[in-house]
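Here are a few friendly notes to read alongside the model. Take them one at a time, and find each residue on screen as you go.

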Amino acid sequence: MPKVLRCESLVRRLGAHDVVRGASLDLDEAEAVALVGPSGCGKTTLLQMIGLLDRPSAGRVVLAGHDAWSLDDAVRAEVRLAWIGFVFQQNNLVEALSARENVALPAWRLGSSRREAERAADALLERFGLAARRDAPASELSVGEAQRVAIARALVNRPRLVLADEPTGSLDSASADVVMEALAAASALGAALLVVTHDLRIAARAGRTVEMRDGRL
Amino acid sequence: MEAAPLPRSRSRLGPLLFLARKSLLGSRFTFALLVLSVAAGAGFQIPNTANLAGFSEALLEEELRHGGGDVRVEPREKRHFEDGAAAAARVSEALGASVRAAVPVLVLPGAVGKGGRFQNALVYGYDFPGEPALRPFHLTSGALPAPGDANGVLLGTSLANRLGVKVGDAVDLRIILGGPPGGAGEAVGGPPGGAGEAVGATVMTVRGLVSGSAGAYRSAFLDRASLAEKTGARAAASAIHVHLDDHFAASDLAPRLEARLPEARAVGWKEDDPYVTNYLAANRTINAVSYAMVVAAISIPVWALFHIHVLGRRREIGILAALGFSRREIFGLFLLQTLVVALAGLSAGAALGYGMLLYFDAYPIFSWEALVVRPVVTAAVLAGPCLAVLATTLLAGSVPAWRAARTDPARVLRRID
């Protein structure tokens with residue numbers, strides 16, 4: 001199976017402290033991996049380095065065969081836009097936009113017309129049971145609704161890699177089930193999935209679980 | 001692992017415009033304050049520039065067009081040109097197409113009196129009617145003396161007021177035929193002239209009253225031939241006033257004229273009239289200071305308000321970066337917002353400025369004699385303040401936009417910053 005992600009000896013140093021110490025990890029297409037570990041062990045930092053948001057102090061992130069951190073800023077942004085879908089612990093929607101606008105925005109930016117992007121957004125929102133809430137401002141969505149919108153946004157460009165940072169951390173169990181279904185759907189679409197979680201149910205649904213402790217995998 | 005082709009898409013204006021509009025509408029109060037500060041700057045500078053341009057234009061119009069011309073030509077050694085018209089023709093020929101008119105004048109010191117009380121005055125011999133746009137006076141009442149009218153005189157309004165005369169009255173005119181031109185306007189107890197000076201004394205009829213800030217308000221004007229006859233040289237002219245199409249060519253043309261007419265001394269208005277030169281320089285300085293104040297008055301609030309705007313949207317910026325918007329696009333997003341503010345502020349400021357222009361046109365900031373300062377509205381006068389306001393707003397807004405582009409999404413999204 002083709003490799004989507006290869007992390008080679010990633011290190012993230014903050015001052016004198018190494019938050020991530022030589023982490024290496026591979027993900028294949030459609031593979032789901034759960035990243036578990038105690039709070040503060042470096043999971044989110046690792047996810048942000050893989051997601052091209054936080055530059056590693058050492059090591060490489062190879063995405064679909066490209067050393068992603070050696071690309072220039074504009075190309076790296078393109079890679080984020082086209083190949084990576086990010087789901088944060090807090091939904092991180094743009095509050096000034098509606099649910100539909102939040103989901104459509106990355107597709108519109110990537111090259112779809114606005115109408116096509118909104119159609120794609122509508123389809124995803126319907127799939128996640130949010131068709132009736134598509135015009136609601138992000139600030140008026142419940143936590144569970146907002147997290148589903150965030151997942152829809154992460155999937156709208158059909159990314160090769162979905163990174164989810166404790167996506168059910170702030171949800172009740174019913175909402176968490178819906179989010180888990182949504183992430184499983186992403187994986188079913190062929191995306192590699194890396195989920196940081198404390199939720200054993202999510203970890204159990206992943207094909208592989210990787211534990212992180214003191215910055216090491 | 002075989003490398004997949006890298007994704008390539010061009011930055012698109014549509015999403016950025018959409019986000020800019022949402023962002024500004026989400027901060028309506030800040031947006032209103034920004035527009036207000038830009039509008040105030042434009043609304044102040046547009047009429048200010050127009051008024052100062054109007055002041056400079058009125059000054060040139062009155063002091064040069066309706067004054068002594070752009071170049072004053074006098075005989076180098078003799079007291080006057082024997083034949084003023086011929087001298088004027090030689091001057092025109094020497095300078096060529098750049099000359100609008102060369103006007104011979106005979107200027108003598110004298111006094112005008114009524115009832116035994118005299119006022120000093122310069123007495124101008126002028127070829128009536130002359131070209132109205134180039135006369136060294138504005139006729140305010142009465143009529144011009146006819147050519148050859150030996151008894152008619154035009155009196156400056158100030159001179160007439162002091163003497164208490166009106167159109168149709170008779171006045172005593174005393175002219176020093178042999179003395180050098182002297183000061184005018186001082187009240188004297190008796191007629192000018194003394195031992196050794198030839199004084200012409202004539203009773204004249206006031207045909208009209210004239211104004212003009214270049215000195216006409218306190219001078220007397222009569223037919224040049226009639227005045228020259230009193231000097232014994234019927235066609236004499238003490239100077240040729242040269243009017244050019246371009247005022248600012250005078251300093252270059254005067255030496256060229258001297259080279260071609262060695263018997264004449266030519267002085268451009270800049271060298272001859274420091275009053276006008278300094279006034280124009282003062283206008284430019286005031287305008288520059290005003291621009292500087294406007295730049296400060298716009299750049300400080302725009303910078304500060306946009307800085308606050310960016311600080312309030314750091315999380316949104318982090319989200320956009322995480323979604324795949326590049327630094328350049330985030331910079332462009334905030335610069336677009338600055339552009340919207342600049343254009344909205346300019347529109348409001350232009351409307352405000354237009355209202356001020358109408359007001360100053362109806363109520364000029366300066367009005368004395370014929371020197372009435374009205375705002376001059378030309379493309380250049382409007383373009384200067386508009387471009388300055390636009391550039392200032394964009395530059396001031398580009399600093400917070402640059403900061404926005406430098407936002408570290410990792411820190412912001414983890415709420416470290």
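**Notes on the predicted model**

1. Let's begin with Thr202(B), which sits in strand E8 of chain B, residues 199-211. Helices (H or I, at least four residues) and strands (E, at least two) are DSSP runs, numbered from the N terminus. This is a predicted model, in which local features need pLDDT of at least 70 and side-chain atom pairs count only at pLDDT 80 or more, while totals for chains, interfaces and linings use all residues. Residues are numbered from 1 along each chain as its sequence is written, chains are lettered from A and ligands numbered from 1 in the order in which they are written, and side-chain values use heavy atoms, leaving out hydrogens and water.

2. Is Thr202(B) buried or exposed? With a relative accessible area of 18%, Thr202(B) is buried; buried means under 20% relative accessible area, exposed over 50%, and partly exposed in between (1.4 Å probe, protein chains only). Leaving aside neighbours within four places in sequence, Thr202(B) is in contact with Val171(B), Asp172(B), Leu173(B) and Lys230(B), where contact means heavy atoms within 4.5 Å. The side chains of Thr202(B) and Lys230(B) are also joined by a polar contact of 3.4 Å. A polar contact is a pair of N or O atoms within 3.5 Å; within protein, one must be able to donate a hydrogen and the other to accept it, and residues adjacent in sequence count only if both atoms are side-chain atoms.

3. Now move to Ala342(B), in helix H10 of chain B, residues 327-362. Ala342(B) is buried, as its relative accessible area is 0%. Beyond the neighbours within four places in sequence, Ala342(B) is in contact with Val38(B), Leu390(B) and Thr393(B).

4. Leu36(B) counts as exposed because its relative accessibility is 56%.

5. Which helix of chain A is largely enclosed by the rest of the structure? Helix H3 (residues 99-110) of chain A is, because eleven of its twelve residues are buried. Among these buried residues are Pro106(A) and Trp108(A). The buried residues of H3(A) pack against helices of both chains, including H2 (73-83) of chain A and H10 of chain B. After H3(A) comes Gly111(A), with a positive phi near 145°.
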